[in-house]
Amino acid sequence: MLNKKPQNFDFKKLLKDNKYIITPTRLAVIETFCKNNRPIGAEFICKKLNGKINEATVYRTLSSFEKSGILRKVDLRKDSTYFELNNDHHHHIVCTKCGEIEDFKENIEIEKLLKKVVVDSKKFKSIEEHSLELFGLCRVCN
Ligand SMILES: [Zn+2]
Ligand SMILES: [Zn+2]
């Protein structure tokens, strides 16, 4: 977990803290996440970088960043995998028409509900993590 706002990230420190050697590719990928501050995929990153880094390298970098915990996967029900900075716990509402994404924070009701689900479960004793994505229509598309 990173506790800074993406805009204030020291990209190099973030890589060093995660035991990475700083390379132009790694810096460029991290920077794209910080600048956009929303879930993005490899295709978007390649486009933003004007093809300066080939797609296979971007994929490799994303998967490595996910393993080290810098990024987390976000399931947006799209064909390609989306990632975001693993900086704070939140959820997403996604427009199924235009792809607009809005974050929303966990609230006490959701927390209570999750606890109740575990208490009521016959087979599970604990929940280690969760994701919650909602799909609908944004105000423009509605
Ligand atoms: Zn929309
Ligand atoms: Zn949550």
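**Entry 1. Zinc ion (ligand 2)**

I looked up the zinc ion (ligand 2) and found its site irregular, with angles of 84 to 121° among its four donor atoms. Four donors count as tetrahedral if all angles lie between 85 and 135 degrees; four count as square planar and six as octahedral if opposite donors are over 155 degrees apart and all others between 65 and 115, and anything else is irregular. This is a predicted model, in which local features need pLDDT of at least 70 and side-chain atom pairs count only at pLDDT 80 or more, while totals for chains, interfaces and linings use all residues. Residues are numbered from 1 along each chain as its sequence is written, chains are lettered from A and ligands numbered from 1 in the order in which they are written, and side-chain values use heavy atoms, with hydrogens and water left out.

Which residues are the protein donors of the zinc ion (ligand 2)? I noted His89 (NE2), His91 (NE2), Glu106 (OE) and His130 (NE2), lying 1.9 to 2.0 Å from the ion. Donors are N, O and S atoms within 2.8 Å of the metal (3.2 Å for Na, K and Ca); water is not among the atoms, so sites may look incomplete. Along the sequence, the spacing of these donor residues reads H-x1-H-x14-E-x23-H. His89 sits in the loop between strand S3 (82-85) and strand S4 (90-95), and Glu106 in the loop between strand S5 (101-105) and helix H5 (108-120), so this pair ties together parts that are 17 residues apart in sequence. Helices (H or I, at least four residues) and strands (E, at least two) are DSSP runs, numbered from the N terminus.

His89 is partly exposed, at a relative accessible area of 34%, and Glu106 is buried at 19%. Buried means under 20% relative accessible area, exposed over 50%, and partly exposed in between (1.4 Å probe, protein chains only).

Cys138 and Cys141 are both buried.

**Entry 2. The sheet S5-S4-S6**

I traced an open sheet of three strands in the order S5-S4-S6, with mixed pairing. S5 and strand S6 (133-136) stand at the edges with a single partner strand each, so one side of each has no neighbour in the sheet. Direction ignored, neighbouring strands here are turned by 25° against each other on average; axes are lines fitted to C-alpha atoms, for helices over the stretch in contact, and angles run from 0 to 180 degrees between N-to-C directions.

How do S4 and S5 run, parallel or antiparallel? I found them antiparallel, joined by five bridges. S4 and S6 pair in the parallel sense over four bridges. Two strands pair if DSSP finds at least two bridges between them. In S5, Phe104 is the bridge partner of His91, the residue that also gives its NE2 to the zinc ion (ligand 2). In S6, Gly136 is the bridge partner of Cys95, and Phe135 is that of Val94. Five of the six residues of S4 are buried. The hairpin of S4 and S5 has five residues between the strands, and in it Gly99 takes a positive phi near 85°.

**Entry 3. The sheet S1-S3-S2**

I noted another open sheet of three strands, in the order S1-S3-S2, with antiparallel pairing. Its edge strands are strand S1 (40-41) and strand S2 (71-74), each pairing on one side only. S2 and S3 are joined by four bridges, and Lys73 stands opposite Phe83 in S3. Helix H2 (residues 24-36) packs on this sheet, touching S1, S2 and S3, and its direction makes about 80° with that of S3. H4 packs on the sheet too, touching S2 and S3, at about 105° to the direction of S2.

Ala42 lies in helix H3 (residues 42-48) and is buried, at 3% relative accessible area. Apart from neighbours within four places in sequence, I found Ala42 in contact (heavy atoms within 4.5 Å) with Val58, Tyr59, Leu62 and Thr81. Thr61 is in helix H4 (residues 55-68) and is buried at 10%. Leaving aside neighbours within four places in sequence, Thr61 touches Thr25, Arg26 and Val29.

**Entry 4. Domains**

I noted a division of the protein chain into domain 1 (6-85) and domain 2 (90-136), with bounds from an automatic or database domain assignment. Their C-alpha centres lie 24 Å apart. The contact takes nine residues from domain 1 and seven residues from domain 2.
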